[in-house]
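Let's take a walk through this structure together, one step at a time. Have the sequence and the 3D view ready as you read.

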Amino acid sequence: MIRSKWLSFENWKKWLWSFVRYILILGLAFVILYPILQKISTAIKDKSDLYSPIVVWIPQNYSLNNFLQVINIMDYWETLLNTFSLSAMTTILTAISCALAGYGFARLKFRGSNLLFAGVMLTILVPPTTILIPMYMNLKDFTLLGLIPLITGKPVNLLNSYWPFILTSLTASSLKAGLYIFIFRQFFRGVPKEVEEAAYIDGAGIGKTFMGIMLPNAIPAIITVTLFSFVWQWNDSFYTTTYLTSSKVMSTQLSSLPYNLAVQLDGGDASQADPFYLSMVQDTGILMAILPLIIIYLFVQRYFVESIERTGIVG
Amino acid sequence: MKTGLKLGIKQRTYTQQKAMWGFLYVLPWLLGFIFFFLIPFISSLRYSFSKITANAQGMIIEWIGFNNYVEALTINTSFNRTLTESIINMVVNVPLIVVFSLFLAVLLNQKFFGRSLARAVFFLPVILASGVILSLESTSLIQAVNEQNAGSSGVINAFSSFELQRLMLEAGVSETIVLYLTGAVDRIYEIVSLSGVQILIFLAGIQTISPQLYEASKMEGATGYEAFWKITFPMVSPLILVNVVYTIIDSFSRNALTDLIRETGFTKFNFGLSSAMAWIYFLCIAIILIISTSIISRKVFYHE
């Protein structure tokens, strides 16, 4: 009798908590979704609905015209392919080099490694604007310590190719790479040391321990890093506008979308175009640019959700 | 092993082997650090002490000592104000964002109906608050007009937070804390949109905690509250450090000050002054970060 009463109290507490939880999550989700919903409602509106006072959320005349305009002007499919290949390439290379460096800093201590890690912190700290101009000069006449002029006779110009991205991500110094090294290091430090020592005692070398034991334990970290790296590379306009001047990638196409549209509509006079309509097409463009990211996230996120099997490891 | 000795190769000890591998693992990063960071960084320091004039032959760099720094701190009208404003903003926001994102990560890790959908929604700020999307968002005309229209119904919003404030003040809570919290409620969109990355980092951290720990604590009779403070909190504490560092840097990377630096450099073509500003700003962040990490890292728990 007493026991069932106690049980029902527990039950009450559980129900109350899940109720509060739902309210919180729904409220915050609404706060996040509000601008997106607004964009969707704008994107499916017809141009005539823009000035109609009775249309707030639900359009009177549905139209896919905005999407067609965006696909046409942004050269959407080609841009999508370019951006995807660029982001995927840098993401994979960055994840590999940062995981190696992170493990090196976390567990394989050598003389001066703490000093070098201070260097990682420095790369996180220094705003990219600070080193932009010297970096640009460096890549324009790329010599690799004077080696390339010895072979070909003159420095190479790496600008306007994917080489700056490949080189920086291969050497873990691409966009926000310091942060990824830091994330990896903190994760590897969180893995119990016993696991690693057990592997050594069983005769695994350092490389094998890293591949077979540490990496599977750090899958959430790997997914976090690849996801961030992919998204940030996708949206990045800072490096892409500096390194890639003529290639079509999402961020540059997106920021020049209203201008291109105005040119197409009025034959070159951007000041004549209706700014409200331009903003409407811009919003549609943003929606279409982030859509692939959301789709990718939906596929990837189940690796977050399924809790990692760590059987055989006593925490 | 014997052949090794014959050839004169010293048998390395376990620690030496580890140190060698450690250096090899770090090597790719080290190369990148030297070529793509240190060299440009030092030349930017040199720029900050010089007057730069660009002409057809290239750039002429002229040493002028501390003049650029003096100009940034005493002559430039907006630099000091922008710098202090961004520091105050950061001090206000960082604790809020870190606590909020840890709370949400714990919440999103629990089992409930529609969890994966909720996680997808909370990932959106990572996309929306980055790079080109963020800068376009702030110039969206339609958004601005709609917000203006919503302003009339926004009275209800202001009222609710006002009520909360009154309630807490009457309950005897200190006034600064009340103002801080209600301020946070009013800026909820800003806080949420700034904490997307932190939520994901915490979520991934919570996922790596082995479930056996929770099982054992449950058998010993620990409540969810105790499990949080005794298991989750110490286990994610390395990531609290990550998130504090990230939040500080992030709050600095998208404020009026970076705009000012970029504008001075690329619109007014005053590279020297721009580098000097970037250096002052960098030193400020460095000091704040060193103070906060040294405080936090004392409390952090590692498996070592």
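Two residues are in contact if their C-beta atoms, placed from the backbone, lie within 7 Å. This is a predicted model, in which local features need pLDDT of at least 70 and side-chain atom pairs count only at pLDDT 80 or more, while totals for chains, interfaces and linings use all residues. Residues are numbered from 1 along each chain as its sequence is written, and chains are lettered from A and ligands numbered from 1 in the order in which they are written.

Let's begin with chain A. Among its contacts with a separation of 6 or more, 70% are between residues 24 or more positions apart. Chain A has 16 helices and zero strands; here helices (H or I, at least four residues) and strands (E, at least two) are DSSP runs, numbered from the N terminus. Of its 315 residues, 38% count as buried. A residue is buried if 20 or more other C-beta atoms lie within 10 Å of its own, exposed if 12 or fewer, and partly exposed in between.

Now turn to chain B. It has 15 helices and two strands, and 33% of its 304 residues count as buried. Of the contacts in chain B between residues at least 6 apart in sequence, 71% join residues at least 24 apart.

How do the two chains meet? In total, 87 residues of chain A are in contact with 78 residues of chain B. Helix α1 (residues 2–43) of chain A supplies the largest share of chain A's side, 13 residues. Sorted by class, that side has 53 nonpolar, 26 polar and eight charged residues. For this count, Ala, Val, Leu, Ile, Met, Phe, Trp, Tyr, Cys and Pro are nonpolar, Asp, Glu, Lys and Arg are charged, and the others, Gly among them, are polar.

Next, look inside. A nonpolar core is a set of buried Ala, Val, Leu, Ile, Met, Phe, Trp, Tyr and Cys residues joined through C-beta atoms within 7 Å. The largest one has 126 residues, and C98(A), Y103(A), I181(A), I183(A) and F184(A) touch the most other members. Helix α13 (residues 224–253) of chain B gives the most to this core, with 10 residues. Leaving out residues up to four places away in sequence, C98(A) touches A172(A), A177(A), Y180(A), I181(A), F184(A) and V225(A).

Now compare two loop residues. Is I131(A) buried or exposed? I131(A) sits in the loop between α4 (113–125) and α5 (132–140) of chain A, and it counts as buried because it has 23 C-beta neighbours inside 10 Å. Beyond residues up to four places away in sequence, I131(A) touches V126(A), F37(B), P40(B), F41(B) and S44(B). L64(A), in the loop between α1 and α2 (65–74) of chain A, has 12 C-beta neighbours inside 10 Å and therefore counts as exposed. The C-alpha atoms of L64(A) and I44(A), 20 residues apart along the chain, are separated by 6.0 Å.

Finally, find a pair of helices from the two chains. The axes of α5(A) and helix α2 (residues 14–48) of chain B come within 8 Å and cross at roughly 120°. The two helices are therefore oblique to each other; angles under 35 degrees count as roughly parallel, over 145 as roughly antiparallel, 65 to 115 as roughly perpendicular and the rest as oblique. P134(A), M135(A) and N138(A) of α5(A) make this contact with F36(B), I39(B), P40(B), S43(B) and S44(B) of α2(B).

Note on methods
Axes are lines fitted to C-alpha atoms, for helices over the stretch in contact, and angles run from 0 to 180 degrees between N-to-C directions.
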